[in-house]
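Colleague: I should like to learn how to read a model of this kind. May we take the features in turn, with the general idea before each case?

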Amino acid sequence: MAIQWFPGHMTRARRQIQEKLKLIDVVIELLDARLPMSSRNPMIDEILGNKPRLILLNKSDLADPELTARWQEVFLKEGHKAIAIDASSGTNVQSIPVEARKQLEEKFAKQIAKGMKPRAVRALIVGIPNVGKSTLINKLAGRQVAATGDRPGVTKGQQWIRVGSELELLDTPGILWPRFEDQMVGYRLAATGAIKDQILNVEDIAFYALRYLTTHYEEQVKQRFEIEELPPQLDEDPNAVVAVMEDIGRRRGCLVSGGRVDLEKASGIILRELRSGKLGRITFETP
Ligand code: G4P
């Protein structure tokens with residue numbers, strides 16, 4: 001799904017979330033653990049105001065665990081608890097109701113002091129397209145409730161999904177736009193599959209990804225593609241990166257007549273293996 005965000009979409013998406021905020025106690029902000037900044041809405045603080053918030057770093061199965069831990073510290077310093085989860089397999093998903101409730105401890109303490117019995121916490125999941133909102137909603141619900149591939153601006157009747165006795169979740173997530181302010185953000189989002197390949201050229205995306213991988217995850221690249229030595233100064237010499245792309249293409253049989261390497265095909269292989277975790281656990285942003 002390729003969403004093109006125009007100012008009108010952004011305004012509508014923002015308004016829809018702000019409408020829903022009136023119904024809920026806590027926001028669950030879903031980020032991609034491989035790129036916590038680029039997958040974060042640039043206006044998130046403004047949109048959510050002072051609503052209690054829990055951050056989830058999703059797809060942590062694909063992210064570098066060391067960097068995920070560092071990002072968690074960064075968010076904590078910012079005042080937000082961040083949990084690393086994998087919505088597909090369900091890793092750490094069971095801790096969400098408890099953690100969401102913890103964000104409201106003060107409010108509940110006051111209610112209990114007044115002799116009231118606190119009700120289930122009401123939550124809304126927000127995040128950019130493809131970050132895993134529907135997967136998470138379905139996992140929490142224990143059944144298929146959210147259709148994947150929602151688009152901003154399409155409203156349907158909303159329902160509460162009961163998650164145990166602690167949490168009630170709105171079944172339609174809030175869809176937000178990612179950061180776009182610099183071109184590199186676009187490449188990071190594309191490399192991880194958050195924006196689909198039709199928007200940017202597949203060879204450009206693979207080039208960006210491979211340059212990053214060969215400089216930050218050299219051993220993983222060498223191991224996966226069975227390359228003994230990589231050329232030096234890959235981060236400074238674009239031709240050296242292209243040479244590695246060609247090398248990978250040759251090793252994987254992506255050849256066209258005359259023995260030339262089909263770079264588009266090689267790019268597809270690099271990106272598929274990166275996105276599916278075959279190159280190991282990779283994070284594109286360092287705190
Ligand atoms: P959205 O509602 O936020 O738009 O995202 P959605 O749940 O549709 O998830 C987007 C893609 O990310 C899906 O893959 C989904 O399986 C995958 N995904 C979600 N959470 C995780 C996670 O924690 N780890 C991993 N590895 N993948 C995750 P898809 O290719 O679009 O579909 P499919 O592979 O499920 O068929």
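Colleague: Is V185 buried or exposed?

Modeller: Burial is judged by relative accessible area: under 20% is buried, over 50% is exposed, and values in between are partly exposed, with a 1.4 Å probe and protein chains only as cover. V185 has a relative accessible area of 4%, so V185 is buried. V185 is placed in helix α7, residues 183-192. Helices (H or I, at least four residues) and strands (E, at least two) are DSSP runs, numbered from the N terminus.

Colleague: What does V185 touch, apart from residues up to four places away in sequence?

Modeller: Contact means heavy atoms within 4.5 Å. On that basis V185 touches S38 and R179. As for L210, 25 residues separate V185 from L210 in sequence, and their C-alpha atoms are 15 Å apart in space.

Colleague: Before we continue, what kind of model is this, and which conventions apply?

Modeller: This is a predicted model, in which local features need pLDDT of at least 70 and side-chain atom pairs count only at pLDDT 80 or more, while totals for chains, interfaces and linings use all residues. Residues are numbered from 1 along each chain as its sequence is written, and side-chain values use heavy atoms, with hydrogens and water left out.

Colleague: How is confidence in the protein chain to be read?

Modeller: pLDDT is the predictor's confidence in each residue, from 0 to 100. Where pLDDT is low, the predicted coordinates should not be read in detail. The protein chain averages a pLDDT of 92, and 94% of the residues score at least 70. The scores for the model are ipTM 0.97 and pTM 0.94.

Colleague: Which residues other than glycine have a positive phi?

Modeller: Most residues other than glycine have a negative phi, and most peptide bonds are trans. K59 has a positive phi near 60°, and E226 has one of about 55°. K59 lies in the loop between β2 (53-58) and α3 (65-77), whereas E226 lies in the loop between α9 (218-225) and α10 (238-251). With a relative accessible area of 22%, K59 is partly exposed; E226, at 64%, is exposed.

Colleague: Where is Q158 found?

Modeller: Q158 is in the loop between α6 and β5 (160-163). Its relative accessibility is 34%, so Q158 counts as partly exposed. Q158 and D171 are 13 residues apart in sequence and 6.3 Å apart in space, C-alpha to C-alpha. Beyond its neighbours within four places in sequence, the contacts of Q158 include K20, L23 and D171.

Colleague: Are S267 and T283 buried or exposed?

Modeller: S267 has 0% relative accessibility and therefore counts as buried. S267 is placed in helix α11, residues 263-275, and, leaving aside neighbours within four places in sequence, is in contact with V202, E203, A206 and M245. T283 lies in the segment after α11 and is buried, with a relative accessible area of 0%. Not counting residues up to four places away in sequence, T283 touches residues including A33, D64, W71 and Y217.
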